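Dear colleague,

I am passing on the structure we spoke of, and below it you will find my notes on what turned up in it. Please read them with the structure open beside you.

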Amino acid sequence: MNPLADKSSLKGAVRSSNTSELQDMTKIEINPGVAPFPKPIILVGAMVEGNPNFITIAWFNRMNGTPNIWGLAMGKKHYTLEGIRKNGKFSVNFPSVELVEKTDFCGIYSGREVDKSNTFEVFYGELGDVPMIKECPVTAECSVHEIIELPKTALVLGEVRHAYSEERFMTDGALDARKTRPFVFIRPGDQYWSLGDAIGDAWSIGKVHKE
Ligand SMILES: Cc1cc2nc3c(=O)[nH]c(=O)nc-3n(C[C@H](O)[C@H](O)[C@H](O)COP(=O)(O)O)c2cc1C
């Protein structure tokens with residue numbers, strides 16, 4: 001049964017807290033093609049045809065804790081995917097707000113037509129031929145765990161084998177988002193947004209609701 005069929009249960013009104021205006025709280029159905037948002041933006045790197053190549057990715061998440069498996073959805077025709085399939089490894093690089101233009105650049109042009117290998121200063125870690133971006137505060141080398149073929153994308157699952165940062169991005173031994181300054185992508189609007197202030201401690205502020 002379609003839970004939206006009985007629209008009477010979706011109606012309601014509330015008086016706004018700071019005005020006397022009555023706000024309409026009736027739920028309306030929206031496009032089911034809606035994307036989850038906000039999404040952190042990452043740059044994924046791989047060697048393709050002997051050169052480092054980087055792709056901008058918004059469809060990314062952690063899929064398993066131990067082992068630490070991250071998943072990203074990649075269009076099947078992307079040049080970077082060729083390198084990932086061939087080498088069985090790739091990098092995940094978290095850009096800071098200063099890198100927003102270069103990040104967008106890697107999401108506009110394919111390595112098939114444009115050489116993106118000189119966009120960043122590249123370094124290599126324990127896995128060898130996995131290009132990582134020196135300017136990114138946090139980077140990781142992953143080995144492919146599995147690639148799941150979906151209708152339009154390849155869901156690339158990679159196990160994080162090594163991760164890298166710098167002292168200047170840490171506070172008391174832990175990565176500090178105030179210092180790494182990540183940004184997110186929001187659709188609708190297709191814009192990059194920086195983060196605001198912390199609004200509460202996780203696994204803590206919710207306890208006030210325990211009876
Ligand atoms: C903000 C943004 C987010 C993107 N997210 C994804 C994504 O999650 N998955 C994907 O396959 N392509 C995504 N793209 C598109 C690729 O980054 C783009 O097609 C890129 O040029 C492919 O590069 P390549 O062919 O060199 O691998 C995104 C592009 C932008 C600008």
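Which residue in β12 stands opposite Val-144? In this model, which is predicted, that residue is Gly-158. The two strands concerned, β11 (residues 138–149) and β12 (residues 153–164), pair in the antiparallel sense over 10 bridges.

Both belong to an open sheet of 7 strands, whose order is β5-β4-β8-β11-β12-β7-β6 and whose pairing is antiparallel. At its edges lie β5 and β6 (60–64), each of which pairs on one side only, and neighbouring strands are turned against each other by 35 degrees on average, if direction is ignored. Helix α1 packs on this sheet, where it touches β4 (42–48), β5, β7, β8 (89–94), β11 and β12, and its direction makes about 60 degrees with that of β4. Helix α2, in turn, lies across β4 and β5 and runs at about 100 degrees to β5.

As for the ligand, 20 residues surround it, and the closest are Trp-59, Thr-80, Gly-107, Ser-110 and Gly-111. The elements that give two or more residues to this shell are β5 (51–57), β7 (69–75), α1 (79–87) and α2 (100–108), with the largest share, 4 residues, coming from β5. By type, the shell divides into 10 nonpolar, 8 polar and 2 charged residues.

Finally, a hairpin is formed by β15 and β16 with 4 residues between them, and Gly-189 in its turn has a positive phi of about 105 degrees. Strands β15 (residues 183–186) and β16 (residues 191–194) pair in the antiparallel sense over 4 bridges, and Phe-185 has Tyr-192 in β16 as its bridge partner.

With best wishes

Notes. Residues numbered from 1 in each chain as written. Predicted model: local features only at pLDDT ≥ 70, side-chain atom pairs only at ≥ 80, totals over all residues. Pairing = 2+ DSSP bridges. Near = placed C-beta within 6 Å. Nonpolar A, V, L, I, M, F, W, Y, C, P; charged D, E, K, R; others polar. Axes fitted to C-alpha atoms, helices over the stretch in contact; angles between N-to-C directions. Contact = placed C-beta atoms within 7 Å.
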